[in-house]
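Take a first look at the model below.

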Amino acid sequence: MTHFFNLAARLQRGISVVSITTAALLASSPLLADFNRLGQLADKGFSISAEARLLDADSNVNALLGSLNPERQMSPASVTKTYLAAAALNRFGPQHRFTSQLVSSGRVDNGVLRGDLVFEGGGDPGLTTENLWRLVQRLHLAGVRDVDGALVVSQWRFGPVDCITTDRCNALTQVTNAYSAPLSSAGVDFGTWCVNVAPAAVAGEPARVGLCDSQAPLITIDNQVTTRPANSGTEISAERVTDERGDVMRLTGQISTNASAQDIYRGAGDAAEKTAQVLLSMLNQAGIQVREPWRVSSTQPPSTAQRLAAIDGQPLQEILLRIMNYSNNYMADVLALDLVETPQAQLRQAGQAVAAYAQGLPGHGPLTLYSGSGLTTENRTSAQGVNVMLEDMFRQSALFPSFVAAFQSPANGVMRFIRRGSATFQNNVMLKTGTLNQPFAVRAAAGYFRTAQGRWGVFSVLVNGNGSTPYLSWSEVLDPLSLDLDAMILAN
């Protein structure tokens, strides 16, 4: 990690990173290494596209270290997010912030807003309830105490967004995860509900439950979690279903009397409706009364609408850390939709907007992106193409520090399954992984490495199964990959 951030700082200062020793090495050919260990997965029926090469200061020096079918078109899964990060940084810049605001065409008369209060979603992938609280506080400071109209949540930029994967389509009625949350330019908390579960004081009693960010009962919580004696273990299952009552969180299982409270996240049935419920509750708590029921709109506020309060989200470089480190699919797809210039964008348009950046890079080759998150096996690229994109970002000294900082080092990454291999692999590699299991297995990894001589390299590995291949664990991919990269790093 130290090597990466030292280099990032030097890039920002415009200092050459090629030492005299390294410059002398440029004249010599790299010692050979390959993907012979990783390649053994082909014997089990898996398709592989892999490539690793050096990146030196002289753009004409592009030393190939190893390759397996580098131009083969494969599903990259969440390695797609590296394309998204590159496209977004090129489009917006690292310090760009997305703005959400409250607007109205009505006038404020002695604390009364004469008209609807419109929340105009700005497509902020990282909008949280904390942001909404600050927005409500700014409205209160602007003197608004009563709304003689309705709260309208406007998702005119995009939303509702059609689902294109089985997970997201099923999640419209029920879901047991957070990553399949529906998409909207006006979504908050990644389109999820958060429920806190804590033990009762006495074993045998129902657990104590409530929403994480609101004391008001905004949704129904069907609590079937029982408190058990100390050290009995905690096992909680949660499912969000949508019926005539709206969103319902069903909780089952047990929690020990001495267990810590747990936050459980599940995708909402409608992201914009969830925002409306949360925002209205906050307005009420702030003493701002809204006289009419809330509603959701996909219509842009009129040009006569005036801003009453606004909140800027985190800088893009901070958003990318969350998207890349935690592989947050909701945030990734919202950011990809932000790249589409026409209103009411859909996921395939977002994928095309991401791909447009990479397709302009010389030597990239074919690229098909149907989403920015990679949550579909229909996305297609090659190891060679991914490396072309990674090299392009490496050579952009103003953007590269923000880009590479979003990758994980195996030694310190938040994803524990990558913490494996030798010290060389763990400390000299920065990567992004991608995982899919249906309709076939995908294990993908791509990123940067530093060699023993301090030279930079890029690598990309895409492994795809099919309907007849067995389950593919990450250890079956990372263990041979780490050994192959070790050899390349130590030999150069």
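Lysine 274 lies over the face of tryptophan 193, 5.3 Å from the ring centre. Arginine 348 is placed over the face of tyrosine 370, and here the figure is 4.1 Å from the ring centre. These values come from a predicted model.

**Aromatic pairs**

The count of aromatic pairs comes to eleven. Two of them are set out here.

| Aromatic pair | Centre to centre | Between the planes | Arrangement |
|---|---|---|---|
| Phenylalanine 394 and phenylalanine 400 | 5.3 Å | 80° | edge-to-face |
| Phenylalanine 449 and phenylalanine 459 | 6.5 Å | 40° | tilted |

The second pair links distant parts of the chain. Phenylalanine 449 belongs to strand S20 (residues 442-450), phenylalanine 459 to strand S21, and the two are ten residues apart.

Phenylalanine 394 has 11%, so it is buried. Phenylalanine 400 has 1%, so it is buried. Phenylalanine 449 has 0% relative accessibility and therefore counts as buried. Phenylalanine 459 also has 0%, so it counts as buried.

Ring pairs also build a cluster. Its members are Phe394, Phe400, Phe403, Phe407, Tyr448 and Trp456.

**Strand S1 and its partners**

Strand S1 covers residues 47-55. It is mostly covered, with eight of its nine residues buried. Which strands pair with S1? One is S21 (residues 456-464), which runs antiparallel to S1 and is joined to it by nine bridges. Within this pairing, serine 47 has asparagine 464 of S21 as its bridge partner. Another is strand S2 (residues 64-68), also antiparallel to S1, with four bridges. There, glutamate 51 stands opposite serine 67 of S2. In a regular strand, side chains alternate between the two faces of the sheet.

**A four-strand sheet**

Another sheet is open and has four strands, in the order S4-S5-S7-S16. Its pairing is mixed. Why is one side of S4 and of S16 left without a neighbour in the sheet? Strand S4 (108-109) and strand S16 (289-290) stand at the edges, and each has a single partner strand, so one side of each has no neighbour there. For S16, strand S7 (residues 146-147) pairs with it in the parallel sense over two bridges. Valine 147 has valine 290 as its bridge partner in S16.

Key. Residues are numbered from 1 along each chain as its sequence is written. This is a predicted model: local features need pLDDT of at least 70, side-chain atom pairs count only at pLDDT 80 or more; totals for chains, interfaces and linings use all residues. Side-chain values use heavy atoms; hydrogens and water are left out. Buried means under 20% relative accessible area, exposed over 50%, partly exposed in between (1.4 Å probe, protein chains only). Two strands pair if DSSP finds at least two bridges between them. Rings of Phe, Tyr and Trp (its six-membered ring) pair if their centres lie within 6.5 Å; planes under 30 degrees apart count as stacked, over 60 as edge-to-face and the rest as tilted. A charge sits over a ring if NZ of Lys or CZ of Arg is within 6 Å of the ring centre and within 35 degrees of the ring normal.
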